[in-house]
Amino acid sequence: MAGGFVLVVGPSGAGKDTLLRLAREALAGDPRYVFPRRLVTRPPSIHEDNEAIGEEEFAKGEAEGRFALSWRAHTLGYALPASSAALALDGHVVVCNVSRRVVAEARRRLPGVTVVEVTAPPEVLAARLAARGRPEDGDLGARLSRSASVVADLVVVNDRAPEAGAARLLAHLRAR
């Protein structure tokens, strides 16, 4: 059984975490699928179930190669635990939310990478970000204007009920 990574990418407000939550719930009984918690240099919140890591620890982890993948976005450090790469090599499908800017590096470094881009029309993204009301999101205009080109294996336009987008993500995961 071939494992690997499914990287979920897209702009802020596209609904990536919602689709990932729905997929994780649907696949909860299947040990083949793993949804690791990202390490982030901020505390977890109701919006993101991450594992907090200090700036110094993050920098040290990067320097020592202790992460499967790491990147910086919006002044924060993000990383995937090294254990996720071992799980992928062991036949698990590792599903995670990453920055579009690290997809090329992930394809070079990680096994069996496919990419699912989740997006929505600009007005939907703006409304979702405004509704969050998270001060840690910083300048919403800057978040919305950020773009990165990525070649995706699947594009999900998430502008309807979240279950519709989750169904497309689940079909991709089950086809792995």
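1. Let's start with the core. In this predicted model, the largest nonpolar core has 23 residues. Phe5, Leu7, Leu69, Trp71, Leu80 and Val98 are the ones with the most contacts inside that core.

2. Leaving aside residues up to four places away in sequence, valine 98 touches Leu7, Val8, Val9, Arg38, Leu69, Trp71 and Leu80. Apart from the core described above lies another one, of 22 residues, and among its members are Ala14, Leu22, Leu154 and Leu169.

3. Now for the overall picture. The protein has 176 residues, and 48% of them are buried. Its secondary structure comes to 7 helices and 9 strands. Among contacts with a separation of 6 or more, 69% are between residues 24 or more positions apart. The accessible surface of the protein comes to about 8600 Å², and carbon and sulfur atoms account for 54% of that surface.

4. One sheet to trace by eye is an open one of 5 strands, in the order β2-β7-β1-β8-β9, with parallel pairing. Its edge strands are β2 (33–34) and β9 (154–157), each of which pairs on one side only. Between β2 and strand β7 (residues 93–97) there are 2 bridges, in the parallel sense. Within that pair, tyrosine 33 stands opposite valine 93 in β7.

5. Helix α3 (residues 82–89) touches β1 (4–9), β2 and β7, and its direction makes about 125° with that of β1. Helix α7 (residues 162–174) touches β1, β2, β7, β8 (114–119) and β9. The direction of α7 makes about 165° with that of β9.

6. There is also an open sheet of 4 strands, and its order is β4-β3-β6-β5, with mixed pairing. Which strands stand at the edges of this sheet? They are β4 (51–52) and β5; each has a single partner strand, so one side of each is left without a neighbour in the sheet. Helix α2 packs on this sheet, touching β5 and β6, with its direction at about 130° to that of β5. Helix α3 packs here as well and touches β5 and β6; its direction makes about 35° with that of β6.

7. Is β6 largely enclosed or largely open? Here 6 of the 6 residues of β6 are buried, so the strand is largely enclosed by the rest of the structure. In a regular strand, side chains alternate between the two faces of the sheet. In β6, Leu76, Tyr78 and Leu80 point one way while Gly77, Ala79 and Pro81 point the other way, and all are buried.

8. The partners of β6 can be followed one at a time. Strands in a sheet pair through backbone hydrogen bonds, either parallel or antiparallel. Strand β3 (residues 39–40) and β6 are antiparallel, with 2 bridges, and leucine 39 stands opposite alanine 79 in β6. Strands β5 and β6 also run antiparallel, joined by 6 bridges. Along that pairing, alanine 73 faces leucine 76, and the bridge partner of arginine 72 is glycine 77. The hairpin of β5 and β6 has 2 residues between the strands, and histidine 74 takes a positive phi near 55° there.

9. Finally, have a look at arginine 66, which is in the loop between α2 (55–63) and β5. Why does arginine 66 count as partly exposed? Its relative accessibility is 33%, and the partly exposed class covers what lies between the buried cut-off, under 20%, and the exposed one, over 50%. Not counting residues up to four places away in sequence, arginine 66 touches Glu57, Lys60, Gly61 and Ala82. With one of these, glutamate 57, arginine 66 makes a side-chain polar contact of 3.2 Å. Arginine 66 and alanine 79 are 13 residues apart along the chain, and their C-alpha atoms are separated by 9.4 Å.

Note on methods: Residues numbered from 1 in each chain as written. Predicted model: local features only at pLDDT ≥ 70, side-chain atom pairs only at ≥ 80, totals over all residues. Heavy atoms only, no water. Pairing = 2+ DSSP bridges. Contact = heavy atoms within 4.5 Å. Axes fitted to C-alpha atoms, helices over the stretch in contact; angles between N-to-C directions. Core = buried A, V, L, I, M, F, W, Y, C linked by side-chain atoms within 4.5 Å. Buried < 20%, exposed > 50% of the residue type's maximum accessible area, 1.4 Å probe, protein only. Polar contact = N/O pair within 3.5 Å; in protein donor to acceptor, adjacent residues only side chain to side chain. Areas by Shrake-Rupley, 256 points an atom, 1.4 Å probe, with all protein chains shown as cover.
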